[in-house]
Each structure stands twice: as C-alpha cells, then as structure tokens.
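Subject: Structure handover

Hi there,

Here is the structure I promised to pass on to you.

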Amino acid sequence: MGYSVGQVAGFAGVTVRTLHHYDEIGLLVPGERTYAGHRRYTDADLDRLQQVLFYRELGFPLDEVAALLDDPDADPGAHLRRQHALLTDRIERLQRMAAAVEHAMEARTMGINLTPEERFEVFGDKDPEQYREEARARWGDTEVYAESQRRAATYTKEDWKRIKAEVDDWQERYAALVAAGVRPADEAAMDLAEEHRRHVGTYYFDVPYEMHRCFAQMYVSDERFKAYYDAVHPGLAEHLRDAILANADRHAS
C-alpha cells in the first residue's frame with residue numbers, strides 16, 4: 001500500500017503541509033490512495049520527490065521544477081548528471097566563498113592588509129599566522145606583541161613578498177651550511193644566527209640576545225617549530241639553537 005504522508009515527510013525531512021501543497025499543484029501526486037482516500041506514496045513517488053528536493057535546494061522555482069520533471073523527452077540519468085554538475089559547482093563556489101571570508105577575517109584580525117588572492121600569492125598554501133590565537137593568548141598583553149601588530153598592519157603585498165624572499169634565502173643558506181657540516185659555533189653559523197635575529201628585529205619587534213636565547217630553546221622544545229625547521233633540513237632546529245646560543249655568548253663577551 002505504499003507510504004503514508006507522515007512516513008514520507010519523515011523520510012524526506014519536509015512537512016506534511018509541503019507534501020499536501022505539492023499534491024495540490026500537481027508537482028508530486030501520490031500514486032495510490034487508500035479506500036478511505038488517504039494519500040499513499042509509491043517508490044516512484046519517492047524518486048520524484050528526491051528530484052524535486054534536489055532542484056529546490058539549488059533554488060529552482062516550483063514551476064521550473066515541474067517543467068523539468070514532466071518533460072517527456074527527459075532522461076532520468078540526464079537529471080542526475082545535471083543535478084550532480086549543479087551541486088558540484090555550488091559546492092566549489094561555497095568553498096571559495098568560505099575560504100575568502102576566513103582569510104579576510106584573519107587578515108583583518110591580524111592587521112595584514114592583503115586580499116585573499118594576495119595572501120595566496122605571497123604565502124601559497126602556508127598560513128603565515130598559523131599560531132595566531134596561541135600567540136595572542138600567550139603574549140597578547142605585551143608591548144612586543146603590540147609592536148608586531150603595528151608593523152604588520154603597515155606592510156604591503158610587496159613588503160610581504162620581500163620578507164618571505166629573505167626568509168627563503170636565509171633558509172637555503174642555512175640548510176647548505178648544515179649539509180656542509182659547519183659546526184654551530186663556527187663563525188659562518190653564528191653570522192646566520194645573527195642575521196635571523198636582525199630579520200625579526202627589522203620586520204616585527206626588537207630581539208635582545210636574551211630573548212633570542214629563549215627563541216632558540218623554543219625551536220627545539222616545541223615540536224611544531226622543530227618540525228618546521230627540520231623540514232628545511234634534518235637536524236636544523238638543534239643546529240640553529242646551538243648557533244643562536246653561541247652567537248649570544250659571542251656578543252656578551
């Protein structure tokens with residue numbers, strides 16, 4: 001005897017009133033009736049309802065849905081292919097919109113004046129503010145953090161590209177130094193450690209040697225920083241730590 005209105009409403013997540021309306025306008029007329037005249041829906045009716053709900057979700061008006069489904073030359077497979085293409089396109093557009101909004105929120109929060117396209121152009125798939133919330137929680141009330149935000153808010157896309165290029169160049173040179181077996185206490189390693197300190201001081205906030213020592217320990221103790229530097233070259237995190245400490249000692253004497 002098929003399915004009752006209540007059962008179909010439960011299956012499809014619609015109201016009984018909606019099913020009654022679809023019946024009244026001829027969009028979804030139940031294929032069966034009980035002796036008492038109650039609506040009963042067949043499996044074919046459920047298939048049609050699924051098609052209706054697909055198109056409704058995509059924003060089609062009911063009269064257009066009816067025209068599409070009642071076309072005598074329509075191929076059921078073609079309906080599914082059309083719906084799949086429309087849904088896929090909608091998902092992609094929504095994903096792009098969500099990503100753009102997320103990046104815009106991050107940029108506004110951090111004061112980085114870049115559009116989502118510019119951020120992608122500069123940083124690619126790497127998030128320059130991956131630890132933004134943690135940094136704010138740990139240092140948000142410090143002058144150092146405030147200074148980094150003030151400076152970041154003034155940088156243009158070209159500034160960020162230059163900053164990233166300097167970081168990439170420094171990483172390549174440090175990786176080559178480690179690969180060549182240069183010791184952390186050698187002058188070449190200490191010079192690159194000093195360059196690291198000055199880079200942060202130039203673009204974000206001043207870094208006294210004692211603060212740089214703290215950074216050095218964090219690069220090894222915090223697995224995320226260690227993974228970041230070791231991805232540049234195996235063992236680079238510990239090598240950099242030792243070079244920073246040696247450089248700080250050099251300037252303390």
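Before the helix packing, a word on how I describe it: axes are lines fitted to C-alpha atoms, for helices over the stretch in contact, and angles run from 0 to 180 degrees between N-to-C directions. Please also keep in mind that this is a predicted model.

**Overall picture**

The protein has 13 helices and two strands. Of its 253 residues, 34% count as buried. The accessible surface comes to about 15,100 Å², and carbon and sulfur atoms account for 55% of that. As for contacts between residues at least 6 apart in sequence, 57% of them join residues at least 24 apart.

**Helix packing**

Helix 10 (residues 187-203) packs against helix 11 (residues 209-221) with the axes 11 Å apart and an angle of about 105°. Angles of 65 to 115 degrees count as roughly perpendicular, so helix 10 is roughly perpendicular to helix 11. On the helix 10 side, the residues in contact are Ala-193, Glu-194, His-196 and Arg-197, and they meet Tyr-209, His-212 and Tyr-219 of helix 11. By type, that contact is made up of three nonpolar, two polar and two charged residues.

Helix 10 also meets helix 13 (residues 236-252), where the axes come within 8 Å and cross at roughly 90°. This pair, too, is roughly perpendicular. Helix 10 brings Glu-187, Ala-189, Met-190, Asp-191, Ala-193 and Glu-194 to the contact, while helix 13 brings His-239, Ala-243, Ile-244, Ala-246, Asn-247, Arg-250 and His-251. Here the residues divide into six nonpolar, three polar and four charged.

**Salt bridges**

Side chains of opposite charge can pair when their charged atoms come close. A search of the whole structure turns up 16 salt bridges. Some of them are described here.

- Asp-70 and Arg-48 are joined through their side chains, at 2.9 Å from N to O. Asp-70 is partly exposed, at 46% relative accessible area.
- Arg-162 pairs with Asp-159, with 3.1 Å between the closest N and O atoms. Both residues belong to helix 9 (residues 157-179) and are three residues apart, about one turn of the helix. Arg-162 is partly exposed at 39% relative accessibility, whereas Asp-159 is buried at 16%.
- Arg-183 and Asp-186 form a salt bridge of 3.0 Å, N to O. Arg-183 is exposed, with a relative accessible area of 57%, and Asp-186 is partly exposed, at 24%.
- Asp-23, Arg-33 and Arg-39 are linked in a network of salt bridges.

**One more residue in helix 9**

Which residues does Gln-171 touch, not counting those up to four places away in sequence? They are Tyr-228 and Val-232. Gln-171 lies in helix 9. Buried means under 20% relative accessible area, so Gln-171, at 13%, counts as buried.

Happy to talk any of this through once you have had a look.

Best wishes

Terms used
Residues are numbered from 1 along each chain as its sequence is written. This is a predicted model: local features need pLDDT of at least 70, side-chain atom pairs count only at pLDDT 80 or more; totals for chains, interfaces and linings use all residues. Side-chain values use heavy atoms; hydrogens and water are left out. A salt bridge is a side-chain nitrogen of Lys or Arg within 4 Å of a carboxyl oxygen of Asp or Glu. Buried means under 20% relative accessible area, exposed over 50%, partly exposed in between (1.4 Å probe, protein chains only). Helices (H or I, at least four residues) and strands (E, at least two) are DSSP runs, numbered from the N terminus. Contact means heavy atoms within 4.5 Å. Accessible areas come from the Shrake-Rupley method with a 1.4 Å probe; for residues, only the protein chains shown count as cover. Angles under 35 degrees count as roughly parallel, over 145 as roughly antiparallel, 65 to 115 as roughly perpendicular and the rest as oblique. Ala, Val, Leu, Ile, Met, Phe, Trp, Tyr, Cys and Pro count as nonpolar, Asp, Glu, Lys and Arg as charged, and the others, Gly among them, as polar.
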